[in-house]
Amino acid sequence: MDPMPLPTRERSRGVREFLAEAEEILEDLGRDLAALSEVARSGNVPPDLVNSIFRGAHSLKGLAGMLGYTGISGLAHHLETLLDLIRLGKAPLDNQTMEVLFAALDILGVLVRACDREESPPDISTLMERISAFCTRPLDPASRYPARPILPERITGALTEFEEHRLNENVRQGRMLLLVHASFLLESFDRELEELISLLKSRGEVISTLPSPGRDRADAIDFDILMGTDELSGHLPTGVTCEVVAVAASHSGGDLSGRVAAPVVVPPSQDYAASARSISGMVRVDIGALDQLMAIVGELVAAQTSLMDAVEQVRVVAPAAAVGLVKSTARLGKKLNELQERVMEIRLVPVRTLYDKLTRIVRKIAADEGRDLELVLHGAETRLDKQIIEDISDPLMHLVRNAIDHGIEVPAERLAAGKTATGRITIVASQKGNRVVIEVADDGRGIDLAKVRRQAVERGLVLSPDDPTDREAMDLIFEPGFSTREVVSELSGRGVGLDVVKSNIKALSGTVTVETQPGRGSRVVITLPITLAIIRTLIIDAGDETYGVPVSTIQETVTVDRGEILTLEGNEVLQVREMTLPVIRLDRFFGRTGNEPREAAGYAIVAGAASRRVGIMADGILGQHDLVLKPLGELLGGVRGVAGAADIGDERTILVLDVIGIIDEVYRGGSGLVS
């Protein structure tokens, strides 16, 4: 009897994710192979279908290789080799080949199941030898049809082996060969070229897309697109020309099995499909479905809050009758909390998905720029909300590119400064309470604050280079259009990037700060909430309104008498633990009038991060709630200082404050109203 698989929770997360990914790849391979077997007899096999199967085998090989599953990676490699020969027209695609492909798929399923059950894998040497034999089967020379159309040398000389094969196949099938010439502006060529290729694919097969000498214009780029089609029909976009370069004579290809010089006998395979049960026990869920589920959970939490208020009223009137209700409500609250935690956990993914992308970016830049770079990554298992992971991908990419171009010196400069020739970028992710901190550090030259000040004066951001403090000078690098780079390079110099970083992080209710040491490097610290799906919020009364303040932004809450509030240069301030904080009265901030400050004692919600803190005045504190944040929509979406709205369970909707946005407005001297 097979040993029972370990419970999912006892498996490493990496193995579980591999099993889920492998199962999905095997399902896709099964569907594609079934479709391939339907069209194989006709000899007119869609190249995209074979390419899809090839990519699936390649992906499975890579995934298995990373985890040391040599059996799976070895078999997938052999399968990939055979598929590559098929897609290049060097191996026949007949019934015998299809049998081998399906046999390989079955045994790959067996191997993946063996990983799941931690069993010894079966012997696959016979199948590997069989696939190798198929890879060496010779083709009938008469079945190879070289292309004979007269094409420009710049086209034929630039075709890849695969493109040459597809050209031959289009000739064999008697298709017309068209050469489409298109010219695009540099600023929009990628989108327009993609649209043109999509249009051409609907009318035939795009064999190759190549840059063309074209017109002598610095702001334009030309392309030649070689395609095969059965008929000329439809219109092409303006500026696109087309000429027929060849009309091939049809060849009687017939059944592809006739192209085999010597058939190889394939022994009947064993019945490896012993079970139809799922391998991984994991499913992939659309993030939109989780958003909807989270919204429902939030509504349940709000309803439970209302129920608790009603039970409290009953308890006051009839204490004995309310005993059972109190216990039932407590149990309901406990289960709702568990449900909420489980749903939030489902949304969390490790940041290593980001690390993989950044590793590829650094390698590419190092190769392109001829630089020696090392990327050091820590905290890959730290988890964040899936949506936050997606939204910070571009900001992190900008930070890495900026560190390479602005921070890390060229090897000669590093050696002269007593450093190693290899520049190092270190990224560390860690969880601190209900927030995640991501640090991006480099060991480069650091930020030249004097140069930043000079650039700020030239751009009119400050009046004098002596005006900004070091902290204020470092904040200037996040201003739109600001760059200390004098020459535009492929990496930077256009003044875009860091302002995108700040705006994107701010939109996620996060903060970003910069630290630098001349000659030793810089460090950018990003602080983010773990999730935005449900926010723990402090509910306060301020004037005639009720607001929510995210708990993750609150440092402390203090009781304040009116006499403790001072006026400094016309602005109200409050002294809290040797810090002078700007006082925020929400009525005034949002432009509401008619509500004068109360004489009685109130509360100051000390909120913010690092040295940028404020005291948000409140007349009353109503408690904490977990709220599902909802956007305000286009009409009110431009109101600064508001993150969204939420229901609090007593049929009321409140505004949840964007504390970081409020702080930015206060330090800028503005208000929350849309200007």
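Just after helix α7, G174 takes a positive phi of about 75 degrees. The model is predicted, so that local features need pLDDT of at least 70 and side-chain atom pairs count only at pLDDT 80 or more, while totals for chains, interfaces and linings use all residues. Residues are numbered from 1 along each chain as its sequence is written, and side-chain values use heavy atoms, with hydrogens and water left out.

Helices (H or I, at least four residues) and strands (E, at least two) are DSSP runs, numbered from the N terminus. Helix α7 covers residues 161-172 and has 12 residues. From its first C-alpha to its last, α7 reaches 16 Å, close to the 16 Å expected at 1.5 Å a residue; the expected span is 1.5 Å times one less than the number of residues. The helix is mostly covered, with 9 of its 12 residues buried, where buried means under 20% relative accessible area, exposed over 50% and partly exposed in between (1.4 Å probe, protein chains only). Among the buried residues of α7 are F162, H165, L167 and V171. Their cover includes α2, α3, β1 (176-185), β2 (205-212) and β3.

R87 lies over the face of F162, at 4.7 Å from the ring centre. R87 also lies over the face of F54, at 4.7 Å from the ring centre. A charge sits over a ring if NZ of Lys or CZ of Arg is within 6 Å of the ring centre and within 35 degrees of the ring normal.

Rings of Phe, Tyr and Trp (its six-membered ring) pair if their centres lie within 6.5 Å; planes under 30 degrees apart count as stacked, over 60 as edge-to-face and the rest as tilted. By this rule there are 5 aromatic pairs. One of them, F18 with Y69, is tilted, at 5.1 Å centre to centre and 40 degrees between the planes. F18 lies in helix α1 (residues 13-39) and Y69 in the loop between α2 (47-66) and α3 (70-87), so this pair ties together parts that are 51 residues apart in sequence. F18 is buried, with a relative accessible area of 3%. The rings of F189 and F223 are stacked, because their centres are 6.0 Å apart and their planes are at 20 degrees. F189 lies in helix α8 (residues 189-201) and F223 in strand β3 (residues 220-229), so the pair ties together parts that are 34 residues apart in sequence. F189 is partly exposed at 25% relative accessibility, whereas F223 is buried at 8%. Ring pairs link F184, F189 and F223 into a cluster.

Conventions. Contact = heavy atoms within 4.5 Å.
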